[in-house]
Amino acid sequence: RAAAERPRFAPPHPLCSPQAPSKDAVRQLCQECFSSAPAALGPLAQLACPGLAVSAEEAEQLVSALHNLTRHVVYRGLTRAEDILCLFPENFHQNLKNLLAKIILENITAWRNEAQASQISLPRLVDMDWRVDIKTSSDSIIRMAVPTCLLQLKIQEDAALCGNNPVVSALTVELSKETLDTMLEGLGRIRDQLSAVANK
Amino acid sequence: AADKIRLIPQDFFAELCEQIIQHLNHKIPGVNTAELCQRIQTSGVEINVGDLAKIANILSFLFSTAARNNLSTEELVTTLGSAGSTLPKHAVQVIRHVWNEQGKAIAVSEDARNMATVGQFVDMKWKLGVAMSSDTCRSLKYPYVTVTLTVADPSGQITDKSFEMTIPQFKNFFRQFKEMASVLETV
C-alpha cells in the first residue's frame, strides 16, 4: 500500500536548489499534496512545476513523494519529531528534512481530522431544525388542539462518493407526543451506553 | 399501471390490499412496499419498487374514495369496470373480497392523524460504534452513533433513512429532542 511504503526522494532535491520556493510555498505544497487524492496528483504536479523550476517528471515524483510521506505519517499516527525524521534517507539534505518535519508536525492534527471527516461512512447528519405546531381544525374536524412536532433533518450523503459536490437531502418528519417519547427513550438509552463506555 | 398489476401474483396482491386497508384504518402506520417488493421479486416476478409504490397509491386512493362515498361492494366493482381500465380478473376478485370483508370498517375517522402532509415518524433503531482503523488512519478509536429512522410518507409508504452522528452531534440531537418534548408539554 502506498501509504505504508517508505517514501523516497531522488537527490539532488528540487526543494534545495537555488531556485527553491519559499518556506510558505513548501508548506502550501505539503498541504496540497496531503489533501489531494492519488488520482489528482498529476494535475497538481503540473500546477506546481513552474514554481519549482524542474522538469515535469521531477515535479510528479516530488508531489507523489510528498503525498506518500504526509499520508504515511497520518496513517501511522506519528506525533514525535524523531519518528518523522527517521523516515528520510540518511543522505537527505539536513535543513530541508527539518523544515518538512516541522511543517508536518504543525499540520498533523488538522490532517488527522481531515482524514476522519472524509473516511467512508453512512450519510451524516449536518443540520436539524424543528417546530412545534398546534393543529386547530381541518376539513374533517372543526375544533381540536393537537400539538405536533415538525422535524427537519439535513443529511449529507457520503463525502467520498460525492467528491466536491456533496448531496444534502432533507427529511421532514412529524412526531406526535407518543412518537416523540419513543424517540426520547431510544436516545436516553444511547446516552446511558455512552456513559457506561466512557467510564470503562 | 394496470399492466403492472397484471404481473403481481394474486396472493401478493391480496396482501398489498390488506396492508392498504389496515393503513387506512390506522391499524398500521404504513405499507411496507420495499419489503413486499423484495418478496415478490424473490418469487421470480420482475417488478420494481417504484411501480409497486404507484400501484399502492392508486389502490389507496381507490379505497379511500370508495369509503368517503360509502360505496357498496357492487358499486365499487361497477365503478372499476366503467373506469375503462382493464384490471385483470384476479385483481378485481381480490378487491371485491377485501372490500366486502373490511371496506365498511373504514370510518371517515375523526382523527388528527388523517391530515398527514409530511412523513410520520414510525420507529428509530440505533447503534453505538467505534471506528478502530481505516485506510487513512491505522489507529482511530472514533466513536459515532448510527441511527435508522423509519418514516411513513404521506401516501403511506414506509421507508428507512440511516445516518451517522459524532458524539457531540448526538448530545445536541438529544438536547433538542428534550426541548421539543418540554415545549410539547407546556403547549
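Buried means under 20% relative accessible area, exposed over 50%, and partly exposed in between, with a 1.4 Å probe and protein chains only.

The model is predicted: local features need pLDDT of at least 70, side-chain atom pairs count only at pLDDT 80 or more, and totals for chains, interfaces and linings use all residues. Residues are numbered from 1 along each chain as its sequence is written, chains are lettered from A and ligands numbered from 1 in the order in which they are written, and side-chain values use heavy atoms, with hydrogens and water left out.

**View 1. Strands β2 and β3 of chain A run antiparallel.** Strand β2(A) covers residues 146–156 and β3(A) residues 168–175, with 8 bridges joining them. A:Gln152 has A:Thr172 of β3(A) as its bridge partner. Strands (E, at least two residues) and helices (H or I, at least four) are DSSP runs numbered from the N terminus, and two strands pair if DSSP finds at least two bridges between them.

**View 2. Strand β3 of chain A also pairs with a strand of chain B.** The partner is β1(B), residues 119–131, and the pairing is parallel, over 2 bridges. A:Val173 has B:Gly119 of β1(B) as its bridge partner.

**View 3. Cysteines A:Cys30 and A:Cys49 lie too far from A:Cys33 for a bond.** A disulfide is a pair of cysteine sulfur atoms within 2.5 Å, and the count over all chains is 0. For A:Cys30, the closest cysteine sulfur is that of A:Cys33, 6.7 Å away. For A:Cys49, the closest is again in A:Cys33, at 13 Å. A:Cys30 is buried, at a relative accessible area of 0%.

**View 4. Chain A meets chain B.** The contact (heavy atoms within 4.5 Å) takes 52 residues from chain A and 44 residues from chain B. About 4800 Å² is buried between the two chains, and carbon and sulfur atoms give 73% of that area. Buried area is the accessible area (1.4 Å probe) that two parts lose on being put together, summed over both.

**View 5. A:Glu157 and B:Lys161 form a salt bridge.** Their closest N and O atoms are 3.5 Å apart. The interface of chain A and chain B holds 2 salt bridges, each a side-chain nitrogen of Lys or Arg within 4 Å of a carboxyl oxygen of Asp or Glu. Among the elements giving two or more residues to the chain A side are α3 (56–76), α5 (94–117) and α7 (177–198) of chain A. Helix α7(A) gives the most, with 13 residues.
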